Amino acid sequence: VRIGILEVQGAFLEHKIALLKAKEKLQLVTPIEISEVRHQSHVTSSLDGIIIPGGESTTISLFLKRNNMVEPLKKWIEDRNHVTWGTCAGMIILAKQNENQKIGGQPTLGVMDTDVSRNFFGRQVNSFEADISLSDSFLKVCPGEKTFHGVFIRAPAVVQTFSPKVEVLASLKRADMSEPVIVAVQQDNVMATAFHPELTEDVRWHQYFIERVYKNKQAMTGT
């Protein structure tokens, strides 16, 4: 199994460490190879999964555009042979619609039927940590505590979904909010989180991603 990490910005090294820890917890026999993704030649059919880490979404989008990676990456994601996970800025880049964009907008991959609000919780100074509620479908794959301690750094949130295919994996309810906010979703072979699981010691989200990659590969290869 090969997993690529888009190494433009964000905690891509922490994602790699978390993937290796998650693999150990899952006690998988099949090895996991982790590689960098920085060029369109890195986006190949030999990859089974890709992680798009956090960072500054406009910077990451422009990097993809300037390096002619937008269309190859979008085509790779839309191929059901692969699984994709975007964290924080990755959630913004994967969405079909974004609120509070910078003037002129930004190129996105537009592969999830979601409307994502950039900096939903405020600027960098408003970053915070909080427990989020996990969905039954997530807990079915990763049994355990029904909450996860999320790290939110100038985080986005899903404010609307456009398709019944979009499934909510986690939500956040704070005292200053009248309704829970969607902070994790999945649609087909694509998932996105508004928080940073790689910055915690809890590797359940990385376990969930690996499980999805393995399950998808088995379904495609019949092994």
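Visitor: Where in the protein chain is confidence lowest, and where is it highest?
Guide: This is a predicted model, and in its protein chain the confidence is lowest in helix 2, with a mean of 89, and highest in strand 12, residues 190-193, with 98.

Visitor: And what is the mean pLDDT of the protein chain?
Guide: The mean pLDDT of the protein chain is 91, and 96% of its residues reach 70 or more.

Visitor: OK, the overall fold then: how many helices and strands does the protein chain have?
Guide: The protein chain has six helices and 12 strands. Its radius of gyration is 16 Å, close to the 17 Å that the globule rule gives for 223 residues, so the chain is as compact as a globular protein of that length. Along its principal axes, the C-alpha trace spans about 50 × 40 × 35 Å.

Visitor: What percentage of the residues count as buried?
Guide: Of the 223 residues in the protein chain, 52% count as buried. The chain exposes about 10,500 Å², and carbon and sulfur atoms supply 48% of that area. Among contacts between residues at least 6 apart in sequence, 71% join residues at least 24 apart.

Visitor: Which residues touch the most other members in the largest nonpolar core?
Guide: They are F121, F152, V183 and W205, in a core of 70 residues. Helix 6, residues 204-221, gives the most to this core, with six residues.

Visitor: Pick V183: what is it in contact with?
Guide: Leaving aside neighbours within four places in sequence, V183 is in contact with M91, F121, I132, F152, A170, S171, L172, A192, T193, A194 and F195. Two of those partners, F121 and F152, are themselves named with V183 among the core residues that touch the most other members.

Visitor: Switching topic: where does UniProt place the "binding site" feature?
Guide: The UniProt record, an unreviewed entry, places the feature "binding site" at G55, E56, S57, R118, I153 and R154. Although these positions are spread over 100 residues of sequence, they cluster in space, the largest C-alpha distance being 12.6 Å.

Visitor: Start with G55: where is it found?
Guide: G55 is found in the loop between strand 3, residues 49-52, and helix 2, residues 57-66. With 38% relative accessibility, G55 counts as partly exposed. Not counting residues up to four places away in sequence, G55 touches Q9, G10, I60 and A89.

Visitor: And R154, which residues is that in contact with?
Guide: Once neighbours within four places in sequence are left aside, R154 is in contact with E56, C88, N119, G122, R123, Q124 and S127. One of these, E56, is also a position of the "binding site" feature in the UniProt record. R154 lies in the loop between strand 8, residues 147-152, and strand 9, residues 157-161, and R154 is partly exposed, with a relative accessible area of 31%.

Visitor: What about F120, where does that lie?
Guide: F120 lies in the loop between strand 6, residues 112-117, and strand 7, residues 128-134, and it is partly exposed, with a relative accessible area of 34%. Neighbours within four places in sequence aside, F120 is in contact with A155, P156, A157, V159, M177 and V181. F120 and A194 are 74 residues apart in sequence, while their C-alpha atoms are 9.7 Å apart in space.

Visitor: Back to strand 6 itself: is T114 buried or exposed?
Guide: T114, which is found in strand 6, counts as buried because its relative accessibility is 1%, and buried means under 20%. Apart from neighbours within four places in sequence, T114 is in contact with A95, K96, Q97, V158, Q160, T161, F162, V166 and V185.

Methods. Residues numbered from 1 in each chain as written. Predicted model: local features only at pLDDT ≥ 70, side-chain atom pairs only at ≥ 80, totals over all residues. Heavy atoms only, no water. UniProt positions renumbered as here; feature names shortened; annotations may be inferred. Helix = DSSP H or I, 4+ residues; strand = E, 2+ residues; numbered from the N terminus. Buried < 20%, exposed > 50% of the residue type's maximum accessible area, 1.4 Å probe, protein only. Contact = heavy atoms within 4.5 Å. Core = buried A, V, L, I, M, F, W, Y, C linked by side-chain atoms within 4.5 Å. pLDDT = per-residue confidence, 0-100. Rg over C-alpha atoms; globule rule 2.2 N^0.38 Å. Areas by Shrake-Rupley, 256 points an atom, 1.4 Å probe, with all protein chains shown as cover.
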